[in-house]
Amino acid sequence: MPNHVLQISDNFWNIRGSFKVLGFLDVGTQASLVRRKSGAFILLDSYTLRDDVRRQVMDLTGNGEAIEAIINLHPFHTVHCEQMHRDFPRARLYGTRRHHERFPGLPWESQRTEDSELHALFSEDLQFSVPRGVDFISSNENLHFSSVLAYHPASSTIHVDDTLMYLEPSGLLGLIMTKGVSFHPTLARVLEKRPGAVDDFRAWVSEIIAGWGDARNLCAAHMRVLTADKLAGQPMSMRLEQALRRVSARLDAHKKKYG
């Protein structure tokens, strides 16, 4: 169900939004609200807040006054950026290179979301990771694989946009798409056409598994949220390893062609 707030922990709330493809199929989108150790708040990604969702966020954040930063993580998730800035004009606004190019009139901070300088600014509360071996901003604007992943250790939560998806085994989508945790279906088309790209991608996934494999929640923009109660004793690392195995044939084919 879109347009609601899912409380993951005392310091992390996932805002489930609506995004329709083909005019009728709602694959969802998201933003997350994180309370820092300092008591201030960060918004991960932008989404237009309405009705009960807006009231909940405003109540938590002192009518928005406690929101100190908005960090847009996906280069192609730009629909709600202007409205989010209008709602919280005092919050520092961060985005990727494409956000800066798409909305040059917005007051972007100089540090871009994909840069280590930004990651260092928020390292007390969040860890970030940028996929390697794939195009971060594809020249084909229909390919939305890459985003900056964020991990909130205090709530054991990974926030990820298109790069990873989670689908529960029910409904029409359950019949036509891979169930469980999976990589976005555009992976094969965004792998860099160079020697070593596949090795770099696999190494990046291995780093995520090693560093964040104990996570208990996966907030994915599209489809569903994987919460601790749904893990059923299967650690997040195992879910990620399964996702990597599912794309192994595509990775092997790319490596055979490009090295």
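Is W204 buried or exposed, and what is its relative accessible area? W204 is buried, with a relative accessible area of 2%; here buried means under 20%, exposed over 50% and partly exposed in between, using a 1.4 Å probe and protein chains only. The views below come from a predicted model, in which local features need pLDDT of at least 70 and side-chain atom pairs count only at pLDDT 80 or more, while totals for chains, interfaces and linings use all residues. Residues are numbered from 1 along each chain as its sequence is written, and side-chain values use heavy atoms, with hydrogens and water left out.

View 1. Let's start with β12, residues 164-167; strands are DSSP runs of E with at least two residues, helices are runs of H or I with at least four, and both are numbered from the N terminus. L164 and Y166 point one way from this strand, M165 and L167 point the other way, and all are buried. In a regular strand the side chains alternate between the two faces of the sheet. β12 runs antiparallel to β13 (residues 180-183), and 4 bridges join them; two strands pair if DSSP finds at least two bridges between them. The bridge partner of L167 in β13 is G180.

**View 2. The largest nonpolar core.** A nonpolar core is a set of buried Ala, Val, Leu, Ile, Met, Phe, Trp, Tyr and Cys residues joined through side-chain atoms within 4.5 Å. The largest one has 32 residues, of which V181, F183, L187, F201 and L251 touch the most other members. Elements that each supply at least two residues include β10 (149-152), β13, α7 (197-212) and α9 (236-246). The largest share, 7 residues, comes from α7. Take a moment with F183: leaving aside neighbours within four places in sequence, its contacts (heavy atoms within 4.5 Å) include F145, L164, F201, W204 and V247.

View 3. Rings of Phe, Tyr and Trp (its six-membered ring) pair if their centres lie within 6.5 Å; planes under 30 degrees apart count as stacked, over 60 as edge-to-face and the rest as tilted. By this rule the count comes to 7 aromatic pairs. F201 and W204 form a tilted pair, with 5.8 Å centre to centre and 40° between the planes. They are 3 residues apart in helix α7, so about one helical turn separates them. F201 counts as buried, because its relative accessibility is 0%. Together with F145 and F183, F201 and W204 form one aromatic cluster.

**View 4. W13 and F41.** This aromatic pair is also tilted, at 6.1 Å centre to centre and 40° between the planes. W13 lies in strand β2 (residues 12-17) and F41 in strand β6 (residues 41-44), so the pair ties together parts that are 28 residues apart in sequence. Both W13 and F41 are buried.

**View 5. The largest cavity.** On a 1 Å grid over the protein atoms alone, a cavity is a set of points where a 1.4 Å probe fits but cannot get out, and lining residues have an atom within 4 Å of a point. Grid points are joined across faces, edges and corners, and a volume is the space filled by probe spheres set on the points. The largest cavity holds about 40 Å³ of space. Its lining is made up of L149, L164, F183, W204, V205, I208 and L240, and α7 gives the most, with 3 residues.

Methods: On a 1 Å grid over the protein atoms alone, a cavity is a set of points where a 1.4 Å probe fits but cannot get out, and a pocket is an open set with protein on both sides within 12 Å along at least five of seven lines; lining residues have an atom within 4 Å of a point.
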